[in-house]
Amino acid sequence: MRRRAFLKAMGACVAGFATGGGAWAIGPMERRLAPSEAVPPPGRGARPNVILVLCDDLGWGDLGAFWQNTRAAAGQPHIHTPYLDEAMRRGVMLTNAFTTAPVCAPARASMVTGKHQGHCNLRDNMFDRPVDAHMTLGTVMKRAGYATWHVGKWGIGGGYESGGQPRRAMACDAGFDYSYGYPAHGHGHSFYHWEHADWRNSNAGSPLVENVSAAAKDDAFYANLSAGACGWERDTDGTYWRRLVADAECRHCYDTDLFTAKIKQLILAHQEAGRDAPFFCYACYTTSHGSGNTHGDPDMASTANFHVPGNAYPEADAADTQWGGGVTWEKDARGYLPFKAVDAEGANTSNTWIHPDYQSLDTDSKRRYATNIRRLDDALGDLLRFLKVRGLDQNTLFVFTSDNGPAGEYLTPAGINWVENAFDSNGPYRGMKRWSYDGGLREPTFALWPGVIPASGGDTPRVCAEPFQFPAWMATLADVAGLPQPAHCDGVSLLPALTGQGRQLPMRLYAEYNDGGSGQNFGFEQMVRDGDYVLIRNNGINGTRELYDVAADPEQADNLAADPAQADRVRWMTDLLVACRVPVAKVPDACGAPAAYANSHPGIEGAAMPATPLRGDLPPIEARLFLTGAAEWPWVPNFRTLAPDAAFLAQTFAAVRERLPAGCAFGLELSGWIDVPAEGDVTFSATGAGGCQLWLHEAHILEYEAGDCAAGRAITLRLAKGRHPWRLALTSADGPDGLCAVTSLGL
């Protein structure tokens, strides 16, 4: 059989309170929340170097250890990824890792901002719209003292396809010191750089742009990284400096090779300069996104679609103690980087080379696709070898993942036929890119950190099946860097799962996407997961609800939604589709047109927040007080991950205030309920200099950090008649008087 059956995850934001000897909860996993273990897992606060690799359209089944080795054992055509397989054997495979949207831009926005698609300001097919850049992976790691680099595709900064929105969230606006790669979404649709006449504003072509932040502009370290350092110009919309990478520097360099060489150059220069800070590199490879003539270099030796290298990958060299062989940033006698696509006489060979293992495959699409992924394997094997040569492998956390499921529209035959009839790029799962089924959302993911993340010690990798989504990486990296996990973030640290020590907190898995070309007429898609159950609603197909037990039915073939035994589960998971998101029209600086968005999301965008079935007297307010380290918090922490210094119940907020310490910094988490007498609009607002993070049900409805929003913030939501749970996280620098005031909660 091609597909076969091979943990429970629920990140509830609001805990129910015991009343009359019982408790009410949204779902059966609701009360799993608990403070962190007394003994933290190894790696917390260790501040290793970090390399986070994000691929483009790479399917769960595209790597050997995930699925291709299964095909090989069955005698089927397959893709061999020996270096990545070996890396997985030295780390841990994360088989239940999910993106937040089944297409590029919103998935990348969630990765960078730490928010799932119910809260993110960039959703759907909003390519090149600017993400909310006030708290990102870059700003978090910068606050932790890291040198921060982005290499590869960005595409979420504004300008280009964004409908006139300014470039205000490019990588160097969003916490990164340095960026080298494709600024626009469309630029990454080629694997070969070439100068384009309108590189500043057009998304055509494939121009590589080098950027430095305003703070790093005068740092000689960054100025000396390239020969074009004198060509900097200040971006008119942002706060960073940029320059076009000239054709003479890297034209005909396959970008998988080029990005790897740039990462090696950055690391080597950082190390040789004796810079004390650890580094964080966000490496966004274009593999295995489709490519073609629309964006391709007109001077390529072959104009065939789906670009491949121009020659074999440079060999490893054990005697090379500087680079370890492979790609380097040094130039040869002809002035070329050694990995340019040229033959012995210097003639252009770009986009022509097929790996010998795949030359016998029966279609050009298969040959090129397999070569593309094998090249990524060669490049990352080279990078991991380089870390070892430089003595950095033991002190580097290496994470590998992809942005969404596999794509077939660039290949022959197009669509799901390609995915399932070529290499099973979606593994055993249903769907592909733009489908909110597991084939479009589940990503090939692993982590490697020798000495901290234990390996299996055998021929197959250790497997971790804890379900999580992209926002978990922001929380994990903050934890690794020694900072509190931000309440801003929809994820929780994965260190317990990665290390096998401590208690892993669960998180909510939620995805949404307005179908932008799946060919299936899904319309507005939503997915929510609780434990082993996944609920999917596709509004383009009459709002049909589908319920799957993905542990028993990984192919999502047996829809349980009509099973009477599942009626309650279907009801409350349907409620979650509204109760764990904020309408896009209510999100500050949301990308897109709210009116058009509402029209395309019938029954969702303006739906009333469903009430709970709680009856009887309202439970008291639950308060948890946090004092330890409060004066040093850089943001409102995720209090679910901290042990409180005190916890108590109170009937009113006035009674809570009486228990609060005066004259010192502290954090306060409150949970309670409001009773809405009739369906209608309710406005929630917060004003003051303290930090504030407010959830209603699981929707993160208000947020700002201490000092960021003294004038306040408000949101109006439509609520159904009945009881609604809320959770509020506050910080104060100076006793009760430093707390913000929150309305509509009786506070």
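**Overall build and local details of the predicted model**

The protein has 15 helices and 28 strands, with helices (H or I, at least four residues) and strands (E, at least two) taken as DSSP runs and numbered from the N terminus. Its radius of gyration is 25 Å, close to the 27 Å that the globule rule gives for 747 residues, so the protein is as compact as a globular protein of that length. Here the radius of gyration is taken over C-alpha atoms, and the globule rule is 2.2 Å times the number of residues to the power 0.38. Along the principal axes, the C-alpha atoms fill a box of roughly 85 × 60 × 50 Å.

A word on the ground rules. This is a predicted model, in which local features need pLDDT of at least 70 and side-chain atom pairs count only at pLDDT 80 or more, while totals for chains, interfaces and linings use all residues. Residues are numbered from 1 along each chain as its sequence is written, and side-chain values use heavy atoms, with hydrogens and water left out.

Of the 747 residues, 64% count as buried, meaning under 20% relative accessible area, with exposed set at over 50% and partly exposed in between (1.4 Å probe, protein chains only). The protein exposes about 24,500 Å², and carbon and sulfur atoms supply 49% of that area; accessible areas come from the Shrake-Rupley method with a 1.4 Å probe. As for charge, there are 64 positive and 83 negative side chains, and the centres of the two sets lie 3 Å apart. Lys and Arg count as positive and Asp and Glu as negative, with His and the chain ends not counted; each charge is placed at NZ of Lys, CZ of Arg, CG of Asp or CD of Glu.

Thr 287 and Ser 288 are joined by a cis peptide bond, with omega about 5°, and Ser 288 sits in the loop between strand S11 (279–284) and helix H8 (364–389). That loop between S11 and H8 also holds Asn 351, whose phi is positive at about 65° although Asn 351 is not a glycine. With 0% relative accessibility, Asn 351 counts as buried. Another cis peptide bond links Thr 412 to Pro 413, with omega about -5°; Pro 413 belongs to the loop between strand S12 (396–402) and helix H9 (416–421). Asp 57 is a non-glycine residue with a positive phi, near 70°. Asp 57 lies in the loop between strand S3 (49–55) and helix H1 (64–73) and, at 1% relative accessibility, counts as buried.

Now for the strands. Strands of a sheet pair through backbone hydrogen bonds, either parallel or antiparallel; here two strands pair if DSSP finds at least two bridges between them. Strand S7 (residues 178–182) is mostly covered, with five of its five residues buried. S7 runs parallel to strand S6 (residues 147–153), and five bridges join the two; Trp 149 has Tyr 178 in S7 as its bridge partner. S7 is also joined to strand S8 (residues 209–213), this time antiparallel and by four bridges, with Ser 179 standing opposite Asn 211 in S8.

Strand S16 (residues 509–514) is mostly covered too, with five of its six residues buried. Six bridges tie S16 to strand S17 (residues 524–530), and the two run antiparallel. In this pairing, Ala 511 stands opposite Met 527 in S17.

Seven bridges hold strand S23 (residues 680–687) antiparallel to S26, and the bridge partner of Asp 681 in S26 is Arg 718.

Finally, the cysteines. The structure holds zero disulfides, a disulfide being a pair of cysteine sulfur atoms within 2.5 Å. For Cys 104, the closest cysteine sulfur is that of Cys 284, at 9.1 Å, which is too far for a bond. Cys 104 is buried, with a relative accessible area of 3%. Cys 253 is in no disulfide either, and the nearest cysteine sulfur, that of Cys 250, is 5.5 Å away. At 0% relative accessibility, Cys 253 counts as buried.
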